[in-house]
Amino acid sequence: MRRAIEASVAARGVSTPNPPVGAVVLDRDGLVVGVGATAAPGGPHAEIAALAEAGERARGGTAVVTLEPCDHTGRTGPCSQALLRAGVVRVVHALGDPNPLAAGGAETLRGAGVEVRSGVLADLAEAGPMRAWLHRQRTGRPMLTWKYAATLDGRTAAPDGTSRWITGETARAHVHAERARIDAVVVGTGTVLADDPVLTARLPDGSLAAHQPVRVVVGLRDIPAGSRILDDSAPTRVVRTRDPFAVMEALADLTDVVLEGGSTLTGAFLSAGLVDRVTAYLAPVVLGEGPTAVRGTGVGTIADAMRFRRESVETLGDDLLVRLAPLRSSDH
């Protein structure tokens, strides 16, 4: 199952609106003979890709999948039937499918005599690449992650506005790798006018990654025609509103969205309770003055402070990557 979860990373940002599923097929002796991840919509699901790699060696073997095999016909046929045709005798999956249109694969497989085991490493699967898709199934909206880079004293730029580079090369490479796995990156018009960002996902050699997130610009001001965010290196959407809820409605077709600024837009999303996760890149740097990552949250006293729980801390060169989730009643 860990191997299947690892394989599902390749489906992040690619499979939307379908879940990023990973699958591993073992032969009758327990040897790995096929590994797959869900392709772009219309392409093979993870089970189909793993079965294709396994071929006849799948017969009498086991399929290990991060999500219950689908049992419906959409752009592709049901994976439950494909597993039966392949002759697997055992199916192990981490999570049941919460989508009633696709669920039922486990029951179909059991009815055909296949041994089915559910819930294996479900916690790891839920916290992994499937996280945003599961959030969308529960809430009906994309999962929004607030991402920022700052100094130890919370500054995102120097007093003169310069911000290159607060973090080191390792952290910046990590940002680009993450961008290549998400559906969209959101910024305000103020950020576009001040910084003229391109907001693409780039490989270490500077070339564009195969998958590019949709670049979303939020606000009422016009964007100059020559802005880099309007080039053809990645798709761009302009959402003419300052209302965070209206922004989420405009992104209803997406699953995994990252908010990168600016500070006023971030404050609006935090105040609206729409931030589901925080990814903070912290550099061992002190500026003392300069803009901060967020403002305008409406917090006036420590009792009203927005609080978060730590999910993980990771070292990226000299920098720290801190992942947090807001403390909400739904977390308990």
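Select Arg-277 to begin: at 18% relative accessibility it is buried, in a model that is predicted. Glu-311 is partly exposed, with a relative accessible area of 28%.

Next, select Ser-263 in helix α10 (residues 263–271). Ser-263 is buried, at a relative accessible area of 17%. Beyond its neighbours within four places in sequence, Ser-263 contacts Thr-292, Ala-293, Val-294 and Arg-295.

Move to the open sheet of 5 strands, ordered β2-β1-β3-β4-β5 with mixed pairing. The edges are β2 (32–37) and β5 (115–118); each has a single partner strand, so one side of each lacks a neighbour in the sheet. On average, neighbouring strands of this sheet are turned by 15° against each other, direction ignored. Show helix α2 (residues 46–54), which lies across β1 (22–26), β2 and β3 (62–67) and runs at about 145° to β2.

Val-91 has Val-116 in β5 as its bridge partner. Then pick Arg-90 and Glu-115, whose side chains form a salt bridge (3.1 Å, N to O). Arg-90 belongs to β4 and Glu-115 to β5, so the pair ties together parts 25 residues apart in sequence. Both are partly exposed, Arg-90 at 30% and Glu-115 at 44%.

Finish with Arg-12, Glu-178, Arg-181 and Asp-256, which a network of salt bridges links.

How values were computed
Residues are numbered from 1 along each chain as its sequence is written. This is a predicted model: local features need pLDDT of at least 70, side-chain atom pairs count only at pLDDT 80 or more; totals for chains, interfaces and linings use all residues. Side-chain values use heavy atoms; hydrogens and water are left out. Two strands pair if DSSP finds at least two bridges between them. Helices (H or I, at least four residues) and strands (E, at least two) are DSSP runs, numbered from the N terminus. Axes are lines fitted to C-alpha atoms, for helices over the stretch in contact, and angles run from 0 to 180 degrees between N-to-C directions. Contact means heavy atoms within 4.5 Å. Buried means under 20% relative accessible area, exposed over 50%, partly exposed in between (1.4 Å probe, protein chains only). A salt bridge is a side-chain nitrogen of Lys or Arg within 4 Å of a carboxyl oxygen of Asp or Glu.
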